[in-house]
Every structure is written in C-alpha cells, then in structure tokens.
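Here is a short briefing on charged pairs and a surface patch. Look over the sequence and the structure first, then read on.

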Amino acid sequence: MDKGEIDKTLGRIKTCMDQVLSVRAEVGAKINRLNLTQKKLDSQVLSTKSLISYNEDIDLAEVSIKLKTEENVYRASLAVGARIIQPSLVDFLR
C-alpha cells in the first residue's frame, strides 16, 4: 500500500466517523426531548389525578350530615304545608 491509498482510506474512515458522530448527536438530542416529554406527561398525569381526586372524592361523614339536614328541612316543610292546608268543617260542607 502506498501513502496516497492510506490517506484516502483514512479520509473515508474520518468521513464515516463524522457521519456516525452526527447521527449519534441527533439520536442523543431526540432521547433528551423524549425524556423531557415523558417527565412533562408524568407531571400532567399526577396533576390530573389530583384534580379528579379533589373533585370526586367525598367525606362520607360530611355528606351524611348534609343529607340528614336536608331530609329534616324537607320533612319540616311538608309538616308546615300540611298544617297550613288543613281541611276545615266548612270545606266538608261544600
């Protein structure tokens, strides 16, 4: 092998190495973007779960107390309505 052929081969090897390094940098950048996207998605999933939990979870004792209170108000209003609209003897005579 002569020096010129060795220089050509070394030049091709250098070109191939440059291409490999370029592709490797591109792949590294894509991996970094994917990692950032994954972290962002994980954060959004967590905040969405927190929001759903805040909106949908209930305190059973508090809800039971509110239900009983509303039932009592309803029954009291029915009793008041029944007292106001009591039929009288005149109503029966008509």
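Lysine 68 has 52% relative accessibility, so this residue counts as exposed. Here, buried means under 20% relative accessible area, exposed over 50%, and partly exposed in between, with a 1.4 Å probe and protein chains only. This is a predicted model: local features need pLDDT of at least 70, side-chain atom pairs count only at pLDDT 80 or more, and totals for chains, interfaces and linings use all residues. Residues are numbered from 1 along each chain as its sequence is written, and side-chain values use heavy atoms, with hydrogens and water left out.

- Lysine 68 pairs with glutamate 71 in a salt bridge (a side-chain nitrogen of Lys or Arg within 4 Å of a carboxyl oxygen of Asp or Glu).
- The closest N and O atoms of lysine 68 and glutamate 71 are 3.6 Å apart.
- Both residues sit in helix H2 (residues 60–84), three residues apart, about one turn of the helix.
- Helices (H or I, at least four residues) are DSSP runs, numbered from the N terminus.
- Glutamate 71 is partly exposed, with a relative accessible area of 29%.

- Side chains of opposite charge can pair when their charged atoms come close.
- Aspartate 7 forms a salt bridge with lysine 3; their closest N and O atoms are 3.5 Å apart.
- Aspartate 7 and lysine 3 are four residues apart in helix H1 (residues 3–56), so about one helical turn separates them.
- Lysine 3 counts as exposed, at 62% relative accessibility.
- Aspartate 7 counts as partly exposed, at 41%.
- Lysine 30 forms a salt bridge with glutamate 26, with 3.4 Å between the closest N and O atoms.
- Lysine 30 and glutamate 26 also lie in helix H1, four residues apart, about one turn of the helix.
- Lysine 30 is partly exposed at 41% relative accessibility, and glutamate 26 is partly exposed at 44%.

**The overall count**
- How many salt bridges does a search of the whole structure find? The search finds four.

**A nonpolar patch**
- Ile6, Leu10, Ile13 and Met17 form a nonpolar patch on the surface.
- Patches are made of residues with over 30% relative accessible area and no salt bridge; nonpolar side chains (Val, Leu, Ile, Met, Phe, Trp, Tyr) are joined within 5 Å, like charges within 9 Å.
- Together the four residues have about 370 Å² of accessible area, a value from the Shrake-Rupley method with a 1.4 Å probe, where only the protein chains shown count as cover for residues.
- Methionine 17 lies in helix H1 and is partly exposed, at 48% relative accessibility.

Methods: Helix = DSSP H or I, 4+ residues; strand = E, 2+ residues; numbered from the N terminus.
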